[in-house]
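Visitor: I am new to this structure. Please take one part of it and go through that part closely.

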Amino acid sequence: MSKEENGNYTSFVDRYFKRGFKVNLPKGGTFEQCCESSTLNDIQILRHSNRICAVTLAPTHPIISQNKKISSVSFKVSEKLDRSDNKVSGKRKRGGQWLNETSILCKITCHDDDTTYPIHCGIRGTLIEMNENLVTNPELMTSLTQPEHGYVAMVMPKLEEADRMMASLMDEKQFAEYKKRVEATPPAITNDVVVE
């Protein structure tokens, strides 16, 4: 375990993963546009040095920021597509479902108001696995202190796109500024987030 200068131990995630953030999904937009009008459907990408990315909710996502209680997580994203049916094989992870930035990984329904949130991938790549533990233990999703347990999915970007993809995401400093601005003056929330 490595120690920071102040004597605290750095977390597993901080030591081995690089953080990036994709906000205002599925629309996206410039930094200013996202601060002014947003779905707040924001995700965090944790990229390991081997390129595998864990997709989690960002602290600004309404489920996290409003401390909503999750009633269910469904990997059935359409009538014909269930993400839990994803199967990969071999060290190159062949056979996985291909995802784009706006591909829906799962749908989360909350107790509070029966709102259903589609959780988008935020990056392009092959779906390696969905976190099956979320179906039986959905409160793992809100575990920001241990995002390695509350990840939604593991995604493998193409080798030639991995660095460019991470560079296109907000870094921690940009996200901190975005978070500060949306908390100070909440954006005009659009209805794109609610699907049911």
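Guide: Start with K179, which counts as partly exposed because its relative accessibility is 28%; here buried means under 20% relative accessible area, exposed over 50%, and partly exposed in between (1.4 Å probe, protein chains only). Before going on, note that this is a predicted model, in which local features need pLDDT of at least 70 and side-chain atom pairs count only at pLDDT 80 or more, while totals for chains, interfaces and linings use all residues. Residues are numbered from 1 along each chain as its sequence is written, and side-chain values use heavy atoms, with hydrogens and water left out.

K179 and E183 both belong to helix α6, four residues or about one turn of the helix apart. Helices (H or I, at least four residues) and strands (E, at least two) are DSSP runs, numbered from the N terminus. Between E183 and K179 there is a salt bridge, with the closest N and O atoms 3.6 Å apart; the term stands for a side-chain nitrogen of Lys or Arg within 4 Å of a carboxyl oxygen of Asp or Glu.

Helix α6 itself covers residues 172-184, 13 residues in number. From its first C-alpha to its last, α6 reaches 18 Å, close to the 18 Å expected at 1.5 Å a residue; that expected span is 1.5 Å times one less than the number of residues.

Now its two sides. F175, Y178 and V182 are the buried residues to look for in α6. They lie on the same side of α6, because they cover an arc of only 60 degrees around the axis, taken from the directions from the helix axis to the C-beta atoms. The buried residues of α6 pack against β1 (17-22), α2 (31-36) and β2 (37-38), where contact means heavy atoms within 4.5 Å. On the face turned away from the buried side are the exposed residues K173, K180, E183 and A184.

At the start of α6, the backbone nitrogen of K173 has a side-chain oxygen of D171 within 3.1 Å. R19 counts as buried because its relative accessibility is 17%, whereas E172 is partly exposed, with a relative accessible area of 47%. By the rule above, the count comes to seven salt bridges.

Definitions and conventions: Polar contact = N/O pair within 3.5 Å; in protein donor to acceptor, adjacent residues only side chain to side chain.
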